[in-house]
Amino acid sequence: MKGSSVSASPGIVYIVGAGPGDPGLITLKGAQTLREADIVLHDELLHHRLLDLVSPTCELVYVGKRGGRASNTQQSINKLMVERAREGLTVVRLKGGDPLIFGRGGEEALHLKQAGVDFEIVPGISAASGATAYAGIPLTHRGTASAAVIVTGNEDPEAETCSVDWSALAQLDATLVIFMAARTLPSICRTLVRHGRASTTPAAIIQWGTWSRQKTVEGTLATLAERAAETSVASPALIVMGEVVTLRNQLMWREY
C-alpha cells in the first residue's frame, strides 16, 4: 500500500465508494482520488457530476453491470485494473455506495493482491445508511431498535438453493435492510411471515435513494409488495423492515 496519502503514485488502484447517489455524499478522499486519476473505471449508478471532478486528460471507462442486461464481466474488469496499473497509471475503480457492502470491492482487492498490484480502499456511504437517512428512517433508535442486519435479497427465499437463512432473520428483533430485492419482495415478505415475523411489521421500499427522484413507499409485511407494485417501484431500490419505519412520519425531511 501507499499509506494514507492519495497523491498520484505509479501503478496503484484506488477502490473508491461513490456513495448511494447524491454526489455530495462522496468523501473528501474519494473526490481527491478522482482529481488525481489517470483512468477511472466507473459503475452505472453514479451521478454524472462525480465524473466532472476528473482532470481533462483522465480516461473514463464505463464498466457498469445491471441485472438482466448485457454488461461487463467481473473477469474483464479485474483484468483491466491490473493491466492499467502495471502501465504505471493511477487507477480509480469508482463503485456505487460502499465498495465492501455488496459491491464486490473485496473480490477486486483480492484479485489485485494476487496480481501484486498496490491498492487502497476508500470507503463510501452505503445505501443502507444513506438511502434510509434520506427517507427519514434511522437504522437504530433507542427504545425501538438496537440492531440492524444488512442482507441481500437477490435470491428467491422460497427456492431450495437460497443461501440466506430467512427463518433465522425472521426471529431477530432487529431492523432488516435488504439490498437488490425489488424483484423478490413478495416472496421475502411471505417467507418472513411464514417463519414468525409479524405481518404487521412496518416496512418501506426506497427507490433511487438520495437521488433527486427518490421515492419511498410504506406499508407492512402484509401490504408492502402490493403497494410497491401499485406505484411501479422497481430497481434500484432498498427495503427496510422494522419498527424504525414508523419514525419516518416525524423524521422525513426530503420527500414532501
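This is a predicted model: local features need pLDDT of at least 70, side-chain atom pairs count only at pLDDT 80 or more; totals for chains, interfaces and linings use all residues.
The buried residues themselves are Gln-74, Ile-77, Asn-78, Met-81, Val-82, Arg-84 and Ala-85. An α-helix has 3.6 residues a turn, so residues three or four places apart point the same way.

Helix α3 spans residues 74-86, 13 residues in total. From first C-alpha to last it reaches 19 Å, close to the 18 Å expected at 1.5 Å a residue. Gly-88 follows α3 and has a positive phi, near 90 degrees.

The strands form an open sheet of 5 strands. Their order is β3-β2-β4-β1-β5, and the pairing is parallel. β3 and β5 (118-122) are the edge strands, each pairing on one side only. The twist averages 20 degrees from one strand to the next. Within this sheet, β2 and β4 run parallel and are joined by 4 bridges. Val-40 stands opposite Val-92 of β4.

Two helices are described against the sheet. α3 lies across β1, β2, β3 and β4, and runs at about 155 degrees to β4. α4 also packs on the sheet, where it touches β1, β4 and β5. The direction of α4 makes about 175 degrees with that of β1.

Conventions
Residues are numbered from 1 along each chain as its sequence is written. Side-chain values use heavy atoms; hydrogens and water are left out. The expected span of a helix is 1.5 Å times one less than its number of residues. Buried means under 20% relative accessible area, exposed over 50%, partly exposed in between (1.4 Å probe, protein chains only). Two strands pair if DSSP finds at least two bridges between them. Axes are lines fitted to C-alpha atoms, for helices over the stretch in contact, and angles run from 0 to 180 degrees between N-to-C directions. Contact means heavy atoms within 4.5 Å.
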